[in-house]
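Hi,

Here is the structure I promised to pass on to you.

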Amino acid sequence: KDVTKIVVVGGGAGGLSVASQLEHKFKAKGDIVIVEPSDKHYYQPLWTLVGGGIFSRKDSERNEKDFIPKGATWVKDSVTVFKPEENIVLTKDGKEIDYDYLIVSTGLELYWDRIKGLKENLGKNGVTSNYSYDSCEKTFEFIKSLKAGNVAIFTVPTTGVKCGGAPQKILWLCDDYLRKHGIRDKVRLDFNSAGASMFPVKKYSEVLDKMAKERDVNQNFAHNLVEIKGDSKEAVFETPQGTKTVKYDMIHVVPPMGPSSIIKNSPLADPATGFVNVNKETLQHVKYDNVFSLGDTSNLPTSKTAAAITSQAPVLVGNLINHKLGLPLNNKYDGYTSCPITTSYNKIILAEFKYGFEVSESFPFDQSKESYFPMLLKKYIFPTAYWEGMLKGRWFGKNTLFNPVKTPEIN
Ligand code: FAD
């Protein structure tokens with residue numbers, strides 16, 4: 001058969017990146033189908049800055065249709081069943097779509113209802129979250145209304161989260177905001193994490209730990225938020241010492257998250273985690289060799305970020321083409337990921353690391369020191385690189401200039 005049919009499930013950061021790259025490679029030799037239910041696409045990394053009042057949430061939103069690569073077909077629907085033995089997916093609207101290759105990039109599902117009272121109170125009674133377009137603007141509203149004598153709490157759930165640094169980025173923005181307004185010493189800031197440290201990479205964690213002590217942030221580890229009582233503004237945590245109820249004036253909640261039940265219950269799932277089970281270097285499914293996955297829904301053992309996808313996408317595309325041509329899958333992903341931790345309104349610690357939490361920095365300075373330069377990248381360069389480069393298959397993060405993946409041509 002002359003034309004290769006590639007179905008991409010999910011038109012988010014990962015799905016659009018690979019679809020665009022594949023479109024450049026295959027041209028008329030490819031029939032690329034993107035299954036995505038949403039009319040809108042969001043640049044989620046901006047939500048931290050929206051929560052800090054630096055951007056409006058509208059700046060993070062675009063129409064999905066404007067990013068579907070020319071030549072690809074958009075099926076505005078969601079996949080409900082994967083049948084990899086038959087090379088088909090079934091959709092909510094009853095379609096059956098067959099494929100030669102399948103790429104899964106459905107992101108994470110946020111489990112808002114696993115915390116009692118969260119859904120009902122989100123956006124009111126001082127309860128907010130940067131993890132949703134609907135509530136990220138509320139964060140700044142609540143920060144602005146903090147006054148002397150108040151308590152603000154920032155939580156981290158038991159599950160892994162996308163962008164591991166994001167739960168504390170807003171803590172530091174809030175700290176800086178209160179300092180600028182001369183009331184920091186009168187507002188208590190609590191960082192209540194179900195985890196055991198500030199960050200999974202020791203080098204950055206030590207700096208953030210020190211920062212918390214210097215800036216008078218209470219660090220409460222092994223604190224798992226289980227309930228919000230909106231009317232009385234109380235948060236209930238499970239701790240090793242038992243249940244603890246804390247009064248708050250503002251609480252920034254990061255909900256538990258993980259794979260959707262559609263992924264978890266499919267033959268593609270890794271039985272241990274529920275994420276799509278792929279080889280951690282080649283991104284090919286461990287059982288079905290015409291299935292690949294990337295991004296938040298894959299079981300790649302690294303921190304889930306858009307930055308990680310910039311490295312994953314060209315590896316996946318290169319390996320899919322090699323597979324098609326009967327060549328070895330010699331493109332390898334090293335686990336690269338990056339997390340720009342905003343430590344104030346104008347400075348960032350730019351964490352970059354790979355598998356094994358091994359530091360992998362791009363710039364010739366110690367990135368565990370707060371600096372102005374990465375904030376300029378985060379505010380002015382990364383959003384454009386995302387919309388105009390990454391989603392259009394032309395930006396591969398740190399590999400764009402120095403280490404592009406070379407793929408054979410499809411003739
Ligand atoms: P998504 O971009 O979430 O896309 C998944 C898509 O799949 C969605 O469009 C969805 O509608 C679709 N979908 C779901 N189920 C189905 C289905 N059954 N059928 C069809 N389609 C489906 N990353 C960074 O690199 N740097 C940062 O500073 C950063 N900060 C962040 C801050 C916050 C507050 C948040 C929330 C995220 C942040 N991230 C950051 C993480 C980054 O946004 C994600 O890692 C990235 O968007 C993941 O891309 P994805 O394609 O895997 O998933």
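One definition first: the helices mentioned here are DSSP runs of H or I with at least four residues, and they are numbered from the N terminus. Please also keep in mind that this is a predicted model.

**The ligand and its shell**

Which element gives the largest share of the shell around the ligand? That is α8, with three residues. Two or more residues come from each of α1 (13–26), α5 (166–180) and α8 (306–324). The shell also draws on two domains, with at least three residues from domain 1 (4–108 + 259–337 + 381–402) and at least three from domain 2 (112–256).

There are 30 residues around the ligand, and the ones that come nearest are G14, E36, K169, D296 and A307. Sorted by class, the shell holds 13 nonpolar, 12 polar and five charged residues.

A polar backbone atom of V79 is 3.0 Å from a nitrogen atom of the ligand. In the side chain of S105, an N or O atom is 3.2 Å from an oxygen atom of the ligand. The side chain of K378 likewise has an N or O atom 3.2 Å from a ligand oxygen. As for cover, the ligand on its own has 1000 Å² of accessible area, and the protein covers 89% of that.

**The second largest pocket**

This pocket holds about 700 Å³ of space. Its lining is made up of 32 residues, and T159, G160, V161, G164 and P200 are the closest to the pocket centre. The elements giving two or more residues to this lining are α5, β13 (188–193) and β19 (257–258).

How do the lining residues of the second largest pocket divide by class? They come to 17 nonpolar, 14 polar and one charged. Domain 1 and domain 2 each supply at least three residues to this lining.

**The cavity**

Counting cavities of 30 Å³ or more gives one. The largest cavity has a volume of about 40 Å³. Lining it are G295, S298, L300, T302, S303, K304, T305, A308 and Q312. By class, that lining has two nonpolar, six polar and one charged residues.

Best wishes

Note on methods:
Residues numbered from 1 in each chain as written. Predicted model: local features only at pLDDT ≥ 70, side-chain atom pairs only at ≥ 80, totals over all residues. Heavy atoms only, no water. Near = heavy atom within 4 Å. Polar contact = N/O pair within 3.5 Å; in protein donor to acceptor, adjacent residues only side chain to side chain. Areas by Shrake-Rupley, 256 points an atom, 1.4 Å probe, with all protein chains shown as cover. Nonpolar A, V, L, I, M, F, W, Y, C, P; charged D, E, K, R; others polar. Domains from an automatic or database assignment. 1 Å grid on protein atoms, 1.4 Å probe; cavity = no way out; pocket = protein on both sides within 12 Å on 5 of 7 lines; lining within 4 Å. Points joined across faces, edges and corners; volume = space filled by probe spheres on them.
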